[in-house]
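I opened my notebook for this one and jotted down what I looked up, roughly in the order I went. Have the viewer at hand and follow along.

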Amino acid sequence: MPSFLEAPVAGAYHVLTSLVSALQPLTGADAAVIAIVLCTVVVRLCLVPLSVRAQRGLKARAALMPRLKQLTERHRDNPERLQREVAKLQSESGTSLFAGFLPMFAQLPFFWLMYTLFSHPTVAGEANRLISGSLLGAPLGVHWPVLTGTPAYLVLAALLTVVAFFSARLQLRQLDETATPMSRRIARLLPFGTLLSAAFLPLAAGLYLLTTTTWTVAERTILLR
């Protein structure tokens, strides 16, 4: 790990272990699990303004799609002109085609921290106390292929599948009539990538994925009303 990343990792480790210690008298062996869920909720609460902005950006993008399609057809043989016209259109509308990805990009550092904290035997110069936690008998620091048949991974897989199903439905709702069949296929299948990701991550990171994707589905449902 690069030396400049050691400080944030050590800080996150001490915050999380302090939270686990505070929760243990009330929750016992589930303290680490609850701490992960609470930290994820705090992160998502901090990102709510970005999520609202992203949803507005998606709506603005949907409104621009007919004009973007016209520009593409008009300047398909002149990529440089097309790029200038698209940039001009975005500037005039005050939106960006990438606004909808803001919450996802903002979460990446937190996801990386969660993966790091539960995949290293030593953190901040001491034995990692976090990986001693467990969920339904499965250690939080163990990867899916090692304990595929344990209840924890079966429950995690089932819940991730349910959340991905509702997430796919929401994404399809947000596509307009100009969406291509390929775009609809991607929107239908992409949410299930979390299930594939969880197969190669520590159980703790899978729990983070489940919590944050559930939050995303609930948040989008509210913002789409």
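**Entry: a leucine in a loop**

I started with L136, which I found in the loop between strand 3 (134-135) and strand 4 (138-139). For the element names I used DSSP runs numbered from the N terminus, with helices being H or I of at least four residues and strands being E of at least two. This is a predicted model, so I took local features only at pLDDT of at least 70 and side-chain atom pairs only at pLDDT 80 or more, while totals for chains, interfaces and linings use all residues. Residues are numbered from 1 along each chain as its sequence is written, and side-chain values use heavy atoms, with hydrogens and water left out.

I checked the backbone next: L136 has a positive phi of about 55° although it is not a glycine. Most residues other than glycine have a negative phi.

The areas come from the Shrake-Rupley method with a 1.4 Å probe, and for residues only the protein chains shown count as cover.

**Entry: the chain as a whole**

I counted 9 helices and 4 strands. Reading from the N terminus, I wrote the order down as α-α-α-α-α-β-β-β-β-α-α-α-α. Of the 225 residues, 36% count as buried; buried means under 20% relative accessible area, exposed over 50%, and partly exposed in between (1.4 Å probe, protein chains only). The accessible surface comes to about 12900 Å², and carbon and sulfur atoms hold 66% of that. I also looked at contacts (heavy atoms within 4.5 Å). Among those with a separation of 6 or more, 65% are between residues 24 or more positions apart.

**Entry: nonpolar cores**

I then searched for nonpolar cores, that is, sets of buried Ala, Val, Leu, Ile, Met, Phe, Trp, Tyr and Cys residues joined through side-chain atoms within 4.5 Å. The largest has 34 residues, and I36, L117, F118, L130, L140 and L203 touch the most other members. Helix 1 (6-27), helix 2 (31-46), helix 5 (102-117), helix 6 (151-174) and helix 9 (203-223) each supply at least two residues to this core. A second, separate core has 5 residues, including L64, L71, L82 and V86.

Is Y13 itself buried or exposed? Y13 is buried, with a relative accessible area of 0%, and it sits in helix 1. Outside four places in sequence, Y13 touches L117, V123, A124, E126, A127, N128, R129 and L130.

**Entry: salt bridges**

How many salt bridges does the structure hold? I got 2, using a side-chain nitrogen of Lys or Arg within 4 Å of a carboxyl oxygen of Asp or Glu. One is E219 with R44, at 3.2 Å from N to O. This pair links distant parts of the chain, helix 9 for E219 and helix 2 for R44, 175 residues apart. Both E219 and R44 are buried.

The side chains of R129 and E126 also meet in a salt bridge, at 3.7 Å from N to O. Here R129 is partly exposed at 46% relative accessibility, and E126 is partly exposed at 30%.

**Entry: aromatic rings**

My search of the whole structure found 1 aromatic pair. The ring centres of F165 and F166 are 5.3 Å apart and the planes stand at 75°, so I logged the pair as edge-to-face. Rings of Phe, Tyr and Trp (its six-membered ring) pair if their centres lie within 6.5 Å; planes under 30 degrees apart count as stacked, over 60 as edge-to-face and the rest as tilted. F165 is partly exposed at 43%, and F166 is partly exposed at 41%.

I looked up S167 in helix 6, which counts as buried at 12% relative accessibility. Past four places in sequence, S167 is in contact with P191, V217 and R220. T213 lies in helix 9 and counts as buried at 18%. With the neighbours within four places left aside, T213 is in contact with L160, V163 and T194.
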